[in-house]
Amino acid sequence: MKKVSPYTIEDLLDKLSDDYTPADRDLIRRAHRLAEEAHEGQRRASGEPYINHCLVVASMLADLHLPTDTIAAGLLHDTVEDTAVTAEDLLQDFGEDVAKLVQGVTKLTQLPRVSRGEHREELLNSPAPEADEQDLRTRKRDLANETLRKTFLAMDEDVRVVLIKLTDRLHNMRTLGFFPEAKRRRIAQETLDIFAPLANRLGMWQIKWELEDLAFRYVNPEKYKEIADQLSERRETREVQIKGIIDHFFQVLKDAGIEVEISGRPKHIYSIFRKMTERGKPFELVRDIRAVRLIVPDVPSCYAALGVIHTHWRPLPNEFDDYIAAPKDNFYQSLHTAVIYDDGKPVEVQIRTADMDTNAEFGIAAHWRYKEGGHRDKYDERVNYLRQMMEWRQDVEDAQEFVDSMKTDVFKDRVYVFTPRGDIIDLPSGSTPIDFAYHVHTSIGDRCRGAKVNGKLVPLEYGLKTGEQVEILTAKHGGPSRDWLNPSLGLVRTQRARAKIRNWFKRQDREQNLAQGRGMLEHEIARLGLRELSQQNLEALAHHFDRNVEEFYIALGCGDISIGRVVNLLLETEESDDMLLFVPPTSEPPSPTDAVTVLGLKDALTNMARCCNPTPGDEIIGYITRGRGATIHRQDCPNILRIRDRERLVKVSWGEKVRTFPVPVRLTAYDRQGLMGDVTNLLDSEGVNIRDASARTSKNLAELRLVIDVKDLAQLSRILARMENLPNVLEAVRVKGG
Ligand code: MN
């Protein structure tokens, strides 16, 4: 976005591309005429006519290539707030769209003042006596969250409202110097707290950086000056250096056959400051960083260029980020790395395609740039999501409405939930109360025993939804449960929580982990009805994890190895002749009768019986042989009818897609209402058929016997574990020989 501002309507119209029709231009001209009239006689703090501000805002919106209505609304954005023009006037003269946009901006302008009043003073200026720096920072962040929430609340359904507000704020920041000191600081702080993060959320980096640098200048003038001075002191040297680096990079990449455009990248003062404070790097290190940006034709070239750069110059550890494979939340994509250049000093490198570059510069606004192009879908999706995010209505007091409108599934990858105090916690979607608890504080996570969502108790595997308020019920003492680490239970979603839980167990003593690990393995084997492992098999199992048996138990106990992985391994290596679950591995080539599906036999080998030669369409049955899989007979084959060992017969069918096998399980629980319903729901969610069920109750103990059709052992393990996690359930096991 260029700083050169048109100060006349003609300048503004001149910069519009040919996509804007004469009718568009006419609308913009009319909007300008009304704004000029309405603001007649008003002046900015700088002394210039007020209409200049409106023109600059409109011009920035035109730079973003936004639709005509938005540019017109940019011209009119202060009329309802500051002049005699009413919303009805706008509706009459410019139609619903423009009127709604201006109204949205007006509302947004009025809102943050709510939090500037006593509440803010109270929060910031009268901390409790024992409050320290950390505390104050937390309070500030809470306040920013609260204001951000209210800002969101104030937005109408249209993301364009926010874009107008952001450009408005940007121009106000550029001209902030004309205000008195106290006001400057307040507005600058608000910009850092709210508007820069908002621009970042929308992926509008250009605006974000400019807002940050402008604000930082007033929030921390000493530091700003120090960094700016040092930067300008070396500007010339640095520019020469960067030119040299660009030429060198270009040559090297050209030699490698990569088409590339390279530009130097200005360092932003606030980002330097943040690097210094967040990473604790001395200024010299940060100051000497040169930054370049490589634009290449396509994604493969991005990685190719990265490879070439890394081959020629040594990459700095921990500086590589692949935002192409894993885009940031705001859809930003690029490769980031830093290398040591020939002079022994670092160069930061960004590698991206032209598309990614446009995207990084314009963020959400790129949507309108691609209006006619083939990228529409992607941006439509984005705009949709933001539009929905902003769909909630005005009433700040009405939290319920906010909550309700946020409940729509608009954030595909994140959920935003509230603490009882109203702070927003941002989590990956699918996060559970435990994730939430660990996010708030490790000790809350460790002591988490239950959760309430919107005041109602929920199970711990409950998937949090955007807008919900979450309250964690904690025990006074104690730690997490090992079940939390069992991925099949889905109790924990985030790596962060997982790591913290593992840490807790690691801190427990070795003996305890060892006993726990052994117990877990024995329990799992018993539960699945497998044969006990021989010492040899146990050693082999431990060896698979590069550990001896003792270390293996400890790792299992503290959660470094998940029981799920062990189960899968048991499934592969089990030598049991347990005919329902396992077929011994064999090196025989697959028989030509692969079309037969043997229910319950995973990748079973089958042979066609010679005696009756079944052909497709025949009613068939399998007979389990020792070591050679199943032999397929016709059901009416005399040999089959004669067989006494009926247990070795197995149901088979011709090429069915879903293979399942029946497994009897037993569940013991303290009887309660709804238990059977919960079990049924659980099995339903696994897509598992219940073949047979019976229940028996004695005193207050209930015993449920079920025969369920499962796909494999891993699924069985998961189901049993999930069953044991239902309230009141004491045990869920596979019944041997059932
Ligand atoms: Mn304004």
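Me: Which residues touch the most other members in the largest nonpolar core?

Reply: That would be L12, I71, L76, M204 and L211, in a core of 74 residues. Keep in mind that this is a predicted model.

Me: Which helix gives the largest share of this core?

Reply: Helix α3, residues 50-63, which puts in 10 residues.

Me: And what does I71 touch?

Reply: Leaving out residues up to four places away in sequence, I71 touches L12, L16, Y20, I28, A58, L61, A62 and L66. Apart from that core lies another one, with 44 residues, including V549, I554, F661 and L667.

Me: OK, new topic. Which residues are the protein donors of the manganese ion?

Reply: H53 and H77, each through NE2, plus D78 and D168, each through OD. These donors lie 2.1 to 2.3 Å from the manganese ion.

Me: Where do H77 and D168 lie?

Reply: H77 is in the loop between α4 (68-76) and α5 (79-82), while D168 is in helix α10 (residues 159-174), so the pair ties together parts that are 91 residues apart in sequence.

Me: Is H77 buried or exposed?

Reply: H77 is buried, at 1% relative accessibility. D168 is buried too, with a relative accessible area of 4%.

Me: Is R290 buried or exposed?

Reply: R290 is buried, with a relative accessible area of 2%, whereas D343 is partly exposed at 38%.

Me: What about R507, which residue does it form a salt bridge with?

Reply: D446, with the closest N and O atoms 4.0 Å apart. R507 belongs to helix α24 (residues 495-507) and D446 to helix α23 (residues 442-446), so the pair ties together parts 61 residues apart in sequence. R507 counts as exposed at 57% relative accessibility, but D446 is buried at 7%.

Me: Which residues do salt bridges that share partners join into one network?

Reply: E181, R184 and R185.

Me: Last one: how many helices and strands does the chain have?

Reply: 31 helices and 20 strands.

Key
Residues numbered from 1 in each chain as written. Predicted model: local features only at pLDDT ≥ 70, side-chain atom pairs only at ≥ 80, totals over all residues. Heavy atoms only, no water. Helix = DSSP H or I, 4+ residues; strand = E, 2+ residues; numbered from the N terminus. Donors = N, O, S within 2.8 Å, 3.2 Å for Na, K, Ca; no water. Buried < 20%, exposed > 50% of the residue type's maximum accessible area, 1.4 Å probe, protein only. Core = buried A, V, L, I, M, F, W, Y, C linked by side-chain atoms within 4.5 Å. Contact = heavy atoms within 4.5 Å. Salt bridge = Lys/Arg side-chain N within 4 Å of Asp/Glu carboxyl O.
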